[in-house]
Amino acid sequence: MAEELRITSRPALDRPVLVAAFRGWNDGAQGASLAGGYLAKVWRAERFATVDPEGFYDFQATRPHVSLVDGLTRKVEWPENAFYHAQPEGLGRDAMLLLGIEPNLRWRTFTGLVVDLARDLGVELVVTLGALLADVPHTRPAPVTGSASDPDLVGELGLSASRYEGPTGIVGVLHDVFRREGIPSVSLWAAVPHYVSLTPSPRAAQALCGRLGELLEADIDTGELEVAAEAYAEQVSEAVATDEDTAAYVEELERRADEAPDEIDIPSGDALAAELTRFLREHEARRREEEQSD
């Protein structure tokens, strides 16, 4: 295990918080990975360790990428999980970031590497970022839910106890391992519109960074994400406007969000598909009735 964790330097950290985000199953519309990358940028984080990808990926499922250097030399970029450290201004403590791609293989070994390093560097709190597809409109702020498994942490931070049952990703496995090791952990999830799931969502990244700032009682400048979120909303609105049924569906989601802004309903993927089908059928029935009445 020690050989698979490559440490180039060992930083001395003051009461660090570990923030983790992974591309893959936990990263709807890339909301979580965008947030993690943005934090690394604004916090001026420096890389100090990586995980050797050889034993944790099926390279037919998660393929390496080939790129050209100076237009001539071909370079292979392998899937990566890297650790960074930073001293964010106004946080009052140091921060660690774990950014990468959800592994395909050997999750227990992988999470063991993460937990061992976190314990070795004195991590006092773990926050994971995630994004999932839901029936929310792209024209409203992305809802964020927060949960924790520790009852004291739930009350202290104003979160909720996790009640989810079902398939999980590397984030869920990490929380289970940290819980058993006695290291408090929090999970933040942003809801992103399922009808534009392939479009990266800076709105979700902005919401996650904002909620993280509230959680840590620190000011995280999300100005760049705010500008990107406005452009994102405009581009998606233009695309949605070209399809009458989708536009009507988005209007329905907007109405629901405006009537009950504090009620966040995040159903499963199967429920989302059923809900969208039901709405489109009802919309088509109303359209036919209007045509017949005319």
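Asn 26 is placed in the loop that runs between β2 (17-23) and α1 (31-42), where helices (H or I, at least four residues) and strands (E, at least two) are DSSP runs numbered from the N terminus. The model is a predicted one, in which local features need pLDDT of at least 70 and side-chain atom pairs count only at pLDDT 80 or more, while totals for chains, interfaces and linings use all residues. Residues are numbered from 1 along each chain as its sequence is written, and side-chain values use heavy atoms, with hydrogens and water left out.

With a relative accessibility of 1%, Asn 26 counts as buried, the term buried standing for under 20% relative accessible area, exposed for over 50%, and partly exposed for values in between (1.4 Å probe, protein chains only). The side chain of Asn 26 is joined to that of Glu 102 by a polar contact of 3.1 Å; a polar contact is a pair of N or O atoms within 3.5 Å, of which, within protein, one must be able to donate a hydrogen and the other to accept it, and residues adjacent in sequence count only if both atoms are side-chain atoms. When residues up to four places away in sequence are not counted, Asn 26 touches Ala 32, Glu 102, Gly 130, Ala 131, Gly 169, Ile 170, Val 171 and Trp 189, contact meaning heavy atoms within 4.5 Å. The loop between β2 and α1 also holds Ala 29, which has a positive phi of about 50° although it is not a glycine. Ala 29 counts as buried at 6% relative accessibility.

The crossing of α1 with α5 is right-handed, a crossing being right-handed if the near helix is turned clockwise from the far one by less than a right angle, and left-handed if anticlockwise. On the α1 side the contact is made by Gly 31, Ala 32, Leu 34, Ala 35, Tyr 38 and Leu 39, and on the α5 side by Pro 202, Ala 204, Ala 205, Leu 208, Cys 209 and Leu 212. By class, the residues of this contact comprise 11 nonpolar, 1 polar and no charged, where Ala, Val, Leu, Ile, Met, Phe, Trp, Tyr, Cys and Pro count as nonpolar, Asp, Glu, Lys and Arg as charged, and the others, Gly among them, as polar.

The contact involves Trp 107, Phe 110, Thr 111, Val 114, Val 115, Ala 118 and Arg 119 of α2, together with Ile 170, Val 173, Leu 174, Val 177, Phe 178 and Glu 181 of α4. The contact of α2 with α4 has 10 nonpolar, 1 polar and 2 charged residues.

Arg 15, in the loop between β1 (5-7) and β2, has a phi near 40°, a positive value in a residue other than glycine, and is partly exposed, with a relative accessible area of 38%. The backbone oxygen of Arg 15 is reached at 2.8 Å by the side chain of Arg 93, which lies in the loop between β6 (81-86) and β7 (95-101). Arg 93 is buried, its relative accessible area being 17%. Arg 47, in strand β3 (residues 46-51), is partly exposed at 41% relative accessible area, and its side chain makes polar contacts of 2.6 Å with that of Glu 80 and of 3.4 Å with that of Tyr 84.

In the chain overall there are 8 helices and 11 strands, and buried residues make up 47% of the 294 residues.
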